[in-house]
Amino acid sequence: MNYTKTIREYCNQNRGRMFDVSYEMKHHFEMVPYRTMCKILSRLEDEGLLSLYSKGLYYINTDENMIDPIIAFYASDYTGLVVGGAMYKNYGIINEYEGPIVIYTNAMETTTKNLGDKYTLIRFPVFAFDTSAKRLIEALEIIDNRFKYSSFNQVVAANVIIECLQYYNDMVFKDIIEAHQYQYSTICTLSEMLNNLSIQNRVMDIVKDVYK
């Protein structure tokens, strides 16, 4: 196999996205030795196909107008989710937020990664960030942090949680808390809300098995 040709073709098919070296080597190019990969990426950077974004992370150049490449790669369907202040502001739970965009993602291998002062990436190894997983994580995050912000609108937050819990699924819940351990009090609140909404669940049984 011609490694350079293969990686160049992959990049050409994924223009406008990010190339996370550790992630790509584990999931797509595990047959390529690390030193060889570094040489190839340097060559592709010289060709103008790649631009170094930060250590171990490249942007695959494109002439098209693309959405934020970090969001597109790390928080797209099935790869991740924007949480924290940016999420609360988007839902109207808080009025202002100027901090970093926090992203939970399964599309990287390191535990955390800061990209300047704009992004904080946190590894969250659920199988997939489908709609059920995203909505349940959002509900858990809101419950977990509902007293963190002075401007937190509890009424709006409660309505968002109720909407999110319509997607509740026991298997998804188990996958989530195996990937990220929430406070036990948060789990208890989740269970109470599901019961009050008459949504069938095994939250307390599942958490007892996982939080041993």
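# Close-up views of a predicted model

**View 1. Strands β5 and β7 lie side by side.** β5 and strand β7 (residues 119-123) pair in the parallel sense, over 5 bridges. The model shown here, and in every view below, is predicted. Strands of a sheet pair through backbone hydrogen bonds, and the pairing can be parallel or antiparallel.

**View 2. Four strands make an open sheet.** The order is β4-β5-β7-β6. The pairing in this sheet is mixed. β4 (80-83) and β6 (112-115) stand at the edges. Each of these two has a single partner strand, so one side of each is left without a neighbour in the sheet. Neighbouring strands are turned by 20° against each other on average, with direction ignored.

**View 3. β4 meets β5 at one end of the strand order.** Here the two strands run antiparallel, and 4 bridges join β4 to strand β5 (residues 101-105). Which residue stands opposite V83 in β5? V102 does.

**View 4. β6 and β7 form a hairpin.** The two strands pair in the antiparallel sense over 4 bridges. L115 stands opposite Y119 in β7. The hairpin has 3 residues between the strands. Look for G116 in this hairpin: G116 takes a positive phi near 65°.

**View 5. Three strands make another open sheet.** The order is β1-β3-β2, and the pairing is antiparallel. The edge strands are β1 (18-20) and β2 (50-54), and each pairs on one side only. On average, neighbouring strands of this sheet are turned by 35° against each other, direction ignored. Helix α3 (residues 34-47) lies across β1, β2 and β3. α3 runs at about 115° to β2.

**View 6. β3 has β1 as a partner.** The two strands run antiparallel, with 3 bridges joining β1 to strand β3 (residues 57-60). Which residue of β3 is the bridge partner of D20? The partner is L57.

View 7. β2 and β3 run antiparallel and are joined by 4 bridges. The bridge partner of L50 in β3 is I60.

View 8. R8 forms a salt bridge with E47. The closest N and O atoms of the pair are 2.8 Å apart. Where do the partners sit? R8 is in helix α1 (residues 3-13), and E47 is in helix α3. The pair links distant parts of the chain, 39 residues apart. The model's count comes to 7 salt bridges.

**View 9. Helices α6 and α7 cross.** The axes of helix α6 (residues 131-144) and helix α7 (residues 154-164) come within 8 Å. They cross at roughly 150°. That makes α6 roughly antiparallel to α7, because angles over 145 degrees count as roughly antiparallel. The crossing is left-handed. On the α6 side, the contact is made by R135, E138, A139, I142 and I143. On the α7 side, A157, V160, I161 and C164 take part. By class, the contact has 7 nonpolar, no polar and 2 charged residues.

**View 10. Helices α9 and α10 cross with the other hand named here, right.** α9 passes α10 in a right-handed crossing. The axes of helix α9 (residues 184-196) and helix α10 (residues 203-210) come within 9 Å and cross at roughly 160°. α9 and α10 are therefore roughly antiparallel to each other.

Technical notes:
Residues numbered from 1 in each chain as written. Predicted model: local features only at pLDDT ≥ 70, side-chain atom pairs only at ≥ 80, totals over all residues. Heavy atoms only, no water. Pairing = 2+ DSSP bridges. Axes fitted to C-alpha atoms, helices over the stretch in contact; angles between N-to-C directions. Contact = heavy atoms within 4.5 Å. Parallel < 35°, antiparallel > 145°, perpendicular 65-115°, else oblique. Left-handed = near helix turned anticlockwise from the far one by under 90°. Nonpolar A, V, L, I, M, F, W, Y, C, P; charged D, E, K, R; others polar. Salt bridge = Lys/Arg side-chain N within 4 Å of Asp/Glu carboxyl O.
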